Amino acid sequence: MNARPVIDDLSSFWMPFTANRQFKAAPRLLESAKGMYYRSTDGRDVLDGTAGLWCVNAGHCRDEIVDAVQKALGTLDFAPTFQMGHPLAFEAATRVAEVMPEGLDRIFFTNSGSESVDTALKIALAYHRARGEGQRTRLIGRERGYHGVGFGGISVGGIAPNRKTFSGALLPSVDHLPHTHDLARNAFTKGQPSWGEHLAEDLERIVALHDPSTIAAVIVEPLAGSTGVLVPPKGYLQKLREICTKYGILLIFDEVITGFGRLGKATASEYFGVTPDLITMAKAINNAAIPMGAVAAHRNVHDTVVNAGAANAIELFHGYTYSAHPVAMSAAIATLDLYQRDKLFERAASKAEKFESAVHALRDAPFVKDIRNLGLVAGIELEPREGAPGARAYEVFVKCFEAGVLVRYTADILAFSPPLIIEDDQIDQIFGTVRKALESVK
Ligand SMILES: Cc1ncc(COP(=O)(O)O)c(C=O)c1O
C-alpha cells in the first residue's frame, strides 16, 4: 500500500512545538488525506477532529483547490509583488475583502499567522506615525493570548513558555490585559459566559498608567484558541472596542483561527458584531493548501499610511518575497469559491448545536473539570495529574489517535476544531472516542 520507502531516520527534522525525543521514540506519521480523514503510514484512517491545525476548514485535498493550485503552478510559478504585480494577487485581495467586515477592505498578504501579526503591529505603528503621533508605540496584548512566534507576536502574546526563553529580547513597550478564564464562575458554560465583561475595563487602568498618547494598539484573539479555547464573556469585546475608540487606540483582532467559518460566519468580528481596525488571518484563508496569511486593514488606516508621503515614495517599508505568491492566491480564490458554493460557514453554524451537546455530554467523564465551546470549537479541561502537568491530556491524545481520531491538546486541555464539512455521526465518533480514552487513562 505504501509505495514510498519507509522512513527510518527521523533525526534531521527538528520538529516545531514538539517533544522531539518523545515523538521520535514513538512517531505518528500521516501520509495522505481526503475529506474528513487522514491516512496514517500504518494504513489507518484517522478522523480529523482538529482540521489539521485549525486550518483545513473545507476538508482535505478538495479537488477544486488541488486543480487550482496545479494550474497556477504550471502557469506562473512565482512573480514578485515589490513594484510589480500579477492578476491573481488583486483578485484574491478583492475576494478576501468581500468577506471582511464593512470597511476592512485593504488586504496585505503574508505567509503565516505569525507574519500577519507582526505585519498588523507594524501597520499600527506606521498609522500613528503617519498621523503625526509617532510616540504611540506601546502595544497591549492579553495574558494567555497566542499571536504566533515572531518577536512581535510573542511580546504581545501571553503564553509563558513561549516567552520565557526569549524574555530578554521581547519588545520593550508592551503591556497585557488579564485573561478571561475563571473556572469558579464559568465552568461548563455553553457558548459565551455571562461573567467577565468587566475584565475589559482593565484597559482603562493600563491606559491611565501609560497615558493614551503612548498606546498604538490592542491585540486580542476574539476567541482564544491555542491557549485552550477561551470564549469571550458577553459584552467583553464590545467594551474593548469602546475603550479603544475613546482613546484613539487601534483594535486588532487576531482571527488566524476564527477566520473563515469557525464560528459560523466569515469572521468572529461578524459573529460578535464588533468591528476592529485590523484583522489578522492565515490558515483557512486558503484551506492551508499553501502557506499564506493576510491582514485586512480598515480603509482609513490604509489611506492614512498610503496617502502620507509623496506619490512616488514607498509608504510601508514592509513585505515578504512571497507576499501574494501566485500559487497561494489561486488556492485562496478556489477556497473562497468553495466556501461560498457549499455554504460552509452556514453549515458550521448549523452543526454548532449538535457539536455543543456532544461535547457537553462528556461532563460526567473522568477527570473533566470544564467544557467550553462556540461554533465548531470546543475545549475540555482536565484535572492535571499530580506532579505531571499535561501528561494526562497527552495520553488521551495518543489513545484517540490510536483509536482513529485526531484531537489536540495543550497543557491539560483537549481542543476540537473539525473541518466544517463534519457530519453528525463523525461528531459522535470524536466525542465517543474521547470518552473511552478518558475512561482508560489514570
Ligand atoms: C491566533 C493565532 N495567531 C497567530 C498564529 C500563528 O500562525 P502561524 O503558525 O501560521 O504562524 C496562530 C496559530 O495557531 C494563532 O492561533
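Helix α5 (residues 113-130) contributes the most to the shell around the ligand, with three residues; helices (H or I, at least four residues) and strands (E, at least two) are DSSP runs numbered from the N terminus. The structure is a predicted model, in which local features need pLDDT of at least 70 and side-chain atom pairs count only at pLDDT 80 or more, whereas totals for chains, interfaces and linings use all residues. Residues are numbered from 1 along each chain as its sequence is written. Of the 14 residues around the ligand, those that come nearest are Ser 112, Gly 113, Ser 114, Gly 148 and Val 256, a residue being near if its C-beta atom, placed from the backbone, lies within 6 Å of the molecule. The shell divides by class into five nonpolar, seven polar and two charged residues, where Ala, Val, Leu, Ile, Met, Phe, Trp, Tyr, Cys and Pro count as nonpolar, Asp, Glu, Lys and Arg as charged, and the others, Gly among them, as polar.

The chain is assigned a domain 1 (20-58 + 343-440) and a domain 2 (66-341), with bounds that come from an automatic or database domain assignment. To the contact between them, domain 1 gives 32 residues and domain 2 gives 29 residues, two residues being in contact if their C-beta atoms, placed from the backbone, lie within 7 Å. On the side of domain 1 that touches domain 2, the largest share, seven residues, comes from α14, and the residues of this side comprise 18 nonpolar, eight polar and six charged.

Within helix α4 (residues 87-99), the buried residues are Leu 88, Ala 89, Ala 92, Ala 93, Val 96 and Val 99; a residue is buried if 20 or more other C-beta atoms lie within 10 Å of its own, exposed if 12 or fewer, and partly exposed in between, with C-beta atoms placed from the backbone.

His 147 is placed in the loop between β5 (138-142) and α6 (151-156), and counts as buried because 31 C-beta neighbours lie inside 10 Å. Apart from neighbours within four places in sequence, the contacts of His 147 include Val 117, Ile 219 and Asp 254.
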